[in-house]
Structures are given as structure tokens and as C-alpha cells.
Amino acid sequence: MSERHPIIAITGSSGAGTTSVTRTFANIFRREGVHAAMVEGDSFHRFDRKTMKVKAAEAEAAGNKNFSHFGVENNLFEELEQLFANYAKSGTGRTRKYLHDLTEAAPYAQEPGTFTAWEDVPNNTDLLFYEGLHGAVVTPQVNIAQHPDLLVGVVPVINLEWIQKIQRDKLQRGYSTEAVTDTILRRMPDYVNYICPQFMHTHVNFQRVPMVDTSNPFISRDIPSADESMVVIRFAQPKGIDFQYLLNMIHDSFMSRANTIVVPGGKMEIAMQLIFTPFVWRMMERRKRALSLL
């Protein structure tokens, strides 16, 4: 953690909804004039798309049916921790981009599914913002969770997470339901061992819970809408959180535990704005004071 060079990390699995949280933070940064170094977790995968397919086929031929993007062997955990450590110390570090599709790849004259070259994060940024799969990973070799000043988990209930992934991968990536289901099954051990444990390190968790039947996500035709959901927001350290203010500002919200507020799904973005804007204010105030002492 660092007062001069703070880090915010959003962590959650594929299809969890971390991209929506990122958009909210981008709006906060723009409104508050915060210059953030933006880092995507996919840029720390070990293999590009073509190589990953080859490695997965080799692993399956060797009897490993659980080779996935969630696991340690397919990610650069050490490099990610080094980025966080370097940024917290000096506001520097190295990252790259993963080019998901033709639109992202075109400016670099590269194929989709490849990485750009490693490069330094921009100079003179106010904070580093990470969004991806592994922002709070702890293993015997690395402790990424120790570095961020604010760790946010995005964790839909599992059936909703699967529905979101199936619909996204079918509509945006052209996969069949069977192919996405195979991916879900293949990832399950790594999901249990590397994704779930992160949420005991997060400072705030957002869990969207559908209010409609999602008992069989593999035949669902639609993603439950925000208005068909509630969002459970849990604070690891509730001291300093003005729950009464949040209850007054977010209609139809209620407390389910002393550290947990539940809000309508359609109010999730306003809830994030109300919760995280003061966090960002405090980070920038501490940064200003720390820099003034140099």
C-alpha cells in the first residue's frame, strides 16, 4: 500500500461483471480529474490465444482436463506482483495490452488474441487501476493482495455468473453453449483454488443476486436484468462507512448484517458512486499530503 502511489484493484472471474465496475470508476476519475494508469488483467496471461489453444490440447492429451486461464501455470503472477510493488514504491512499472478483437488489434496492426510489447506505465499518474481475474491472488510464491489500497470483489451468484458468461461468449465471440459449458467445467478446479479465495482479501464485495429463476443457467435465454436483481454489498471493515447516509440515498435498500447493505440491482451504479467517490477523495488527499512532504 502506498500514499504517494495508490492502487485500486477490481477482481472477479470471467463473466462476473468487472467491466461494469470499471466503467463506474472511469466516470469517477473523469469527474474528479484523476489521471489513472489503467491495467487489464488479461495482459498478464502467459500465452496468446493461438498458443493457449495448443497448450490446452497438449494438456488434455496428457490427461490434464483442467488447464485454464484461471490457474497459476497460465498467468504471470510474479510479473503482476512486481508491477504492483514497483508502482506502490515509485509510480512506475511495466505492462502490456491483450488485444481481444479486431477493433482493439487494428491500431497495432496485429492479430486479435495477441499481446502488445511490454512498455512502461505512463508517467505522473495519480493511481494505478487494475481490473481482471487475479487482483487479490495469494499463493506460496506471491501475495498480490497485499499491495492494493482498495480491493473490490465482483461476485455474482454462480448461476448468474455462468449465464452472463454463456450469453457473452455466444453473442460476442460466436461460441456454442456446449463450448462455453466445456470451458466452465475445465476451469472449475482453478476457480475454486484461485478465484474464490481472493474474496477473503477484498475490502468491498459486490454480489448480484437474481430475483428470477436461474436454476438451469445452461438453458437460460436471457441475462436477468438489473431490475430483476438485488446487489449485496459487504464491507470487510465497516468502520467509517456511513450506512445511514447510503440507506437514505438509495431507496429500497436495507441492512442484512452489520457490515452488509442490500440495494436494488438498478441502483448498483449509484451505490458504487456513493461508496467509492469518498474513497478516491481520501486517496488523493493522502497523496497530496505525502507529495508535499518530499
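Tutor: We will talk about the cavities, then a helix and a loop residue.

Tutor: This is a predicted model, where local features need pLDDT of at least 70, side-chain atom pairs count only at pLDDT 80 or more, and totals for chains, interfaces and linings use all residues. Residues are numbered from 1 along each chain as its sequence is written, and side-chain values use heavy atoms, with hydrogens and water left out.

Student: Okay, how many cavities of 30 Å³ or more are there?
Tutor: There are two. A cavity here is a set of points, on a 1 Å grid over the protein atoms alone, where a 1.4 Å probe fits but cannot get out; lining residues have an atom within 4 Å of a point. Points are joined across faces, edges and corners, and a volume is the space filled by probe spheres set on them.

Student: What's the space in the largest cavity, and which residues line it?
Tutor: The largest cavity holds about 90 Å³. Its lining is S13, S14, F70, E161, W162, K165, I184, R187, M188 and Y191. Helix 5 (158–173) and helix 6 (177–195) are the elements that each give two or more residues to that lining; helices are DSSP runs of H or I with at least four residues, numbered from the N terminus. Helix 6 supplies the largest share, four residues.

Student: And by class?
Tutor: Five nonpolar, two polar and three charged. Ala, Val, Leu, Ile, Met, Phe, Trp, Tyr, Cys and Pro count as nonpolar, Asp, Glu, Lys and Arg as charged, and the others, Gly among them, as polar.

Student: What about the second largest cavity?
Tutor: That one has a volume of about 40 Å³. G41, F44, N75, L76, F77, L80, Y130 and H134 line it, with five nonpolar, three polar and no charged residues.

Student: Where does N75 lie?
Tutor: N75 is in the loop between helix 2 (49–61) and helix 3 (77–90).

Student: Why does N75 count as buried?
Tutor: Because its relative accessibility is 2%, and buried means under 20% relative accessible area with a 1.4 Å probe, protein chains only.

Student: Which residues is N75 in contact with?
Tutor: Leaving aside neighbours within four places in sequence, N75 is in contact (heavy atoms within 4.5 Å) with F44, H45, R46, H69, F70 and H134.

Student: Back to helix 5: what do its buried residues pack against?
Tutor: They pack against helix 6 and strand 9 (204–210); a strand is a DSSP run of E with at least two residues. Among the buried residues of helix 5 are E161, W162 and K165. Just after helix 5, G174 takes a positive phi of about 75 degrees.

Key: On a 1 Å grid over the protein atoms alone, a cavity is a set of points where a 1.4 Å probe fits but cannot get out, and a pocket is an open set with protein on both sides within 12 Å along at least five of seven lines; lining residues have an atom within 4 Å of a point. Buried means under 20% relative accessible area, exposed over 50%, partly exposed in between (1.4 Å probe, protein chains only).
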